[in-house]
Amino acid sequence: MSTDTARLIAAYEALPQDKKQEFVKELFHRLPPFDSGPLDDKEVALAGDQLATMLEQEERDSQAR
């Protein structure tokens with residue numbers, strides 16, 4: 001990590017929580033668009049499986065109440 005980056009991180013860590021949120025919001029507005037590229041079939045299948053598992057768990061939890 002560069003000295004400048006370390007200084008920025010230290011300054012961020014010193015901020016109160018509400019100012020950290022404000023900083024991150026402003027930073028995200030300034031970031032360039034990000035394209036992770038195309039997803040392959042394995043990634044899509046894994047995401048689908050994880051979503052199905054999460055939804056099934058939520059359904060079980062709601063029935064247990």
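## A charge over a ring

Let's start with Lys 20, which lies over the face of Tyr 12, at 5.4 Å from the ring centre. Please keep in mind that this is a predicted model.

## The aromatic pair

Tyr 12 also has an aromatic partner: together with Phe 23 it forms a tilted pair, with 5.7 Å centre to centre and 50° between the planes. The count for the model comes to 1 aromatic pair. Tyr 12 belongs to helix H1 (residues 3-13) and Phe 23 to helix H2 (residues 17-30), so the pair ties together parts that are 11 residues apart in sequence.

How accessible are the two partners? Tyr 12 has 23% relative accessibility and counts as partly exposed. Phe 23, at 40% relative accessibility, also counts as partly exposed.

## Overall architecture

Read from the N terminus on, the elements run α-α-α.

The C-alpha trace spans about 50 × 35 × 20 Å along its principal axes. The radius of gyration of the protein chain is 20 Å, whereas a compact globule of 65 residues would have one near 11 Å.

## Surface and charge

Of the 65 residues in the protein chain, buried ones make up 2%. The chain exposes about 6300 Å², and carbon and sulfur atoms supply 58% of that area.

As for charge, the protein chain carries 8 positive and 14 negative side chains. The centres of these two sets lie 9 Å apart.

Notes. Residues are numbered from 1 along each chain as its sequence is written. This is a predicted model: local features need pLDDT of at least 70, side-chain atom pairs count only at pLDDT 80 or more; totals for chains, interfaces and linings use all residues. Side-chain values use heavy atoms; hydrogens and water are left out. Rings of Phe, Tyr and Trp (its six-membered ring) pair if their centres lie within 6.5 Å; planes under 30 degrees apart count as stacked, over 60 as edge-to-face and the rest as tilted. Helices (H or I, at least four residues) and strands (E, at least two) are DSSP runs, numbered from the N terminus. Buried means under 20% relative accessible area, exposed over 50%, partly exposed in between (1.4 Å probe, protein chains only). A charge sits over a ring if NZ of Lys or CZ of Arg is within 6 Å of the ring centre and within 35 degrees of the ring normal. The radius of gyration is taken over C-alpha atoms; the globule rule is 2.2 Å times the number of residues to the power 0.38. Accessible areas come from the Shrake-Rupley method with a 1.4 Å probe; for residues, only the protein chains shown count as cover. Lys and Arg count as positive and Asp and Glu as negative; His and the chain ends are not counted. The place of a charge is taken as NZ of Lys, CZ of Arg, CG of Asp or CD of Glu.
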